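Hello,

Here is the structure for you to look over. My notes on it follow below.

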Amino acid sequence: ASCDIGLPSGKTLLQLHCERIRRLKHLVARTNFDGAFSDSGAFSGISVPLYIMCSTETLPAVESFVRGNAYFGLPESDVFFFTLADLPLLDAKGRYLLRTKN
């Protein structure tokens, strides 16, 4: 989520995605809702939830990154983090791959 992917802007993929959601909300508010903008420029009454899937190992870092960047302008109530269950990793022959030998 916080990896530099080499864009000139230095933005992450997650930041770009959040900016697209903010732009979508802006377009919907502008075309469908008279007076949907609050004094702060936020879009009232328009919710586009963002679900961010993480592993149990990366969840704290991703949450910290998103919170540290003020949810990239999205309302905190629209951003949800969740983890996948850890499943065993198998090789091509169906054998378990372990982190350590024993």
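Is A70 buried or exposed? A70 is exposed, with a relative accessible area of 53%. Here buried means under 20% relative accessible area, exposed over 50%, and partly exposed in between (1.4 Å probe, protein chains only).

Two notes on the source. This is a predicted model, where local features need pLDDT of at least 70, side-chain atom pairs count only at pLDDT 80 or more, and totals for chains, interfaces and linings use all residues. Residues are numbered from 1 along each chain as its sequence is written, and side-chain values use heavy atoms, with hydrogens and water left out.

Backbone

A70 sits in the loop between α2 (59–68) and β2 (79–83). Helices (H or I, at least four residues) and strands (E, at least two) are DSSP runs, numbered from the N terminus. The phi of A70 is near 50 degrees, a positive value in a residue other than glycine. Y71 is in the loop between α2 and β2 as well. Its phi is near 55 degrees, again positive in a residue other than glycine. Y71 counts as buried, at 8% relative accessibility.

Salt bridges

The whole structure holds four salt bridges. The term means a side-chain nitrogen of Lys or Arg within 4 Å of a carboxyl oxygen of Asp or Glu. Three of them deserve a look on your screen:

- K11 with E19: the closest N and O atoms are 3.0 Å apart. K11 is partly exposed at 24% relative accessibility. E19 is partly exposed at 26%.
- D78 with K25: the closest N and O atoms are 3.5 Å apart. The pair links distant parts of the chain, 53 residues apart. D78 is in the loop between α2 and β2, and K25 is in helix α1 (residues 13–32). Both D78 and K25 are buried.
- R95 with D91: the closest N and O atoms are 2.9 Å apart. R95 is partly exposed, with a relative accessible area of 48%. D91 is partly exposed at 21%.

Nonpolar surface

Y51, M53, F80, F82 and L84 make a nonpolar surface patch of about 510 Å². β1 (50–54) and β2 each give two or more residues to the patch. F82 lies in strand β2 and is partly exposed, at 35% relative accessibility. Patch residues have over 30% relative accessible area and no salt bridge; nonpolar side chains (Val, Leu, Ile, Met, Phe, Trp, Tyr) are joined within 5 Å, like charges within 9 Å. Accessible areas come from the Shrake-Rupley method with a 1.4 Å probe; for residues, only the protein chains shown count as cover.

Best wishes
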